[in-house]
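Thanks, everyone. Let's look at some helices, and then at some aromatic rings.

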Amino acid sequence: MATENRVNFWRRSAKVPGRYLKESKLNLNSLKTKKASSFHEFARSTSDAWDIEDEEDEEAGPPAMPSLCAQSQARSSSTVSSLPQSVSPEDDDVVYNGTISDSDLQDSGPERPSPPRPLPCRPIIPLVARISDQNSSGAPPMTVREKSRLDKFRTLLCAANTELDELRKHSWSGIPREVRPVTWRLLLGYLPANKERREHVLQRKREEYFGFIEQYYDSRSEEPHRDTYRQIHIDIPRTNPLIPLFQQPAVQEVFERILFIWAIRHPASGYVQGINDLVTPFFVVFLSEFVEDDMENFDVAALPLETRRNIEADSFWCMSKLLDGIQDNYTFAQPGIQNKVKALEELVGRIDEEVHVHFRRYEVEYLQFAFRWMNNLLMRELPLRCTIRLWDTYQAESEGFSHFHLYVCAAFLIKWRKEILSIADFQGLLMLLQNLPTIHWGNEEVGLLLAEAYRLKYMFADAPSHYKR
């Protein structure tokens with residue numbers, strides 16, 4: 001019934017963004033894990049790439065960046081089937097799970113036998129460089145249609161007064177990389193629509209930010225702010241630990257300043273773990289104005305000081321604009337997240353009752369997996385390039401980060417319904433939901449996700465009586 005409604009919706013609605021495409025079936029192996037008796041037992045035996053013990057951080061300083069191979073071994077068997085077939089045994093990043101016995105060495109003759117074929121790690125595909133041009137299908141970077149869209153954006157941006165409604169309309173289906181920085185500044189309200197005023201506003205806001213640095217940053221080691229700074233200092237190395245760009249001292253210092261100044265200027269919430277992730281898309285997008293290739297390995301310290309200062313200030317103000325709309329996610333007890341998770345549960349109960357009942361049968365609570373989806377805006381479920389594409393649409397939508405994100409999460413969950421329904425134990429379900437195989441997603445997959453989210457919003461957002469049971 002749900003599938004029939006979905007198809008009929010796209011046949012009826014010709015004007016909605018995107019179009020319905022039949023999604024390819026994923027060959028995901030069923031998880032075979034020992035059932036945990038409770039969520040607490042599961043939590044004690046499970047960790048993810050961002051869970052680094054605070055005590056170790058205090059004693060040993062910033063944690064070392066975990067290797068991609070080590071993380072891949074820790075993931076559940078559900079992600080193994082998503083490994084690309086193109087990875088060859090000659091790849092450098094491999095893990096040998098087998099061992100060579102003494103008898104093997106004795107019978108090997110002049111040469112040692114090769115060990116059993118290893119399980120290859122996922123190759124490190126570009127997560128940052130030319131983000132907007134990447135598609136998992138290998139589409140060319142710039143098509144005729146994309147060039148035409150780029151010209152439309154440039155026409156809008158070069159006008160004396162940019163039509164923001166028109167800019168949002170064009171941004172919904174993705175913003176070209178070349179104009180994304182200025183478009184984001186405009187859509188977030190950081191820059192005015194009037195072109196003549198933009199340079200003056202940028203200069204004033206950048207000076208204002210560094211005025212905050214001079215006024216407050218030296219107090220980070222003093223008693224009122226010491227704990228806040230300590231938590232920020234611990235969390236920064238965990239931010240995208242597999243991308244070299246974010247492990248550079250110069251970048252980590254930028255993030256520390258941004259987060260500390262934001263925290264002391266917003267005492268109602270202060271700093272909350274997860275906010276550190278929200279800086280990264282802005283930093284990458286504004287850095288892309290000056291770096292075109294191999295951004296994830298680019299040495300930020302090589303940029304002129306003025307350029308680095310501008311990127312830092314713009315990232316701070318744009319992150320602040322975003323958080324202004326979702327600050328109740330981070331105030332005491334995080335009521336915004338609690339409400340959104342409850343709304344997600346009610347929505348999934350209406351659009352896919354079979355999945356909803358399956359979760360109840362195996363005592364899976366939505367808060368156990370969806371809290372992170374709301375707290376980090378799916379940033380830990382998707383590659384960074386996909387997050388940036390997602391945020392193009394969030395900024396084009398009215399209340400995109402606070403309201404439309406709910407429907408994106410619902411569409412994201414239902415996308416994995418086949419895999420969810422194939423798992424018949426609590427721990428297996430949690431392992432799947434916390435390690436969904438999206439590492440090779442690109443613009444096409446995000447486009448399908450957004451189109452389905454729009455369909456759900458179109459059907460449920462303006463129908464509260466239909467939304468609830």
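**Helix packing and aromatic pairs**

Start with helix H7, residues 164-171: its buried residues are Leu167, His170 and Ser171. They span an arc of only 100° around the axis, so they sit on the same side of H7. That arc is taken from the directions from the helix axis to the C-beta atoms. Buried means under 20% relative accessible area, exposed means over 50%, and partly exposed lies in between, with a 1.4 Å probe and protein chains only. Helices are DSSP runs of H or I, at least four residues, numbered from the N terminus.

A word on the source: this is a predicted model, where local features need pLDDT of at least 70, side-chain atom pairs count only at pLDDT 80 or more, and totals for chains, interfaces and linings use all residues. Residues are numbered from 1 along each chain as its sequence is written, and side-chain values use heavy atoms, with hydrogens and water left out.

Back to H7. On its other side, Asp165 and Lys169 are exposed. What covers the buried residues? The cover includes helix H6 (144-158), helix H8 (180-187) and helix H17 (384-396). Contact here means heavy atoms within 4.5 Å.

Next, helix H16, residues 367-375. Here 7 of the 9 residues are buried, so H16 is largely enclosed by the rest of the structure. Those buried residues are Gln368, Phe369, Ala370, Arg372, Trp373, Met374 and Asn375. After H16 comes Leu377, with a positive phi near 55°.

Now the rings. The structure holds 27 aromatic pairs. Rings of Phe, Tyr and Trp (its six-membered ring) pair if their centres lie within 6.5 Å; planes under 30 degrees apart are stacked, over 60 edge-to-face, and the rest tilted.

Take Phe246 and Phe255. Their ring centres are 5.9 Å apart and their planes are at 50°, so this pair is tilted. Phe246 has 2% relative accessibility, so it counts as buried. Phe255 is also at 2% and therefore counts as buried.

Then there is an edge-to-face pair, Tyr394 with Phe401: 5.3 Å centre to centre, 80° between the planes. Tyr394 and Phe401 are both buried.

Methods: Helix = DSSP H or I, 4+ residues; strand = E, 2+ residues; numbered from the N terminus.
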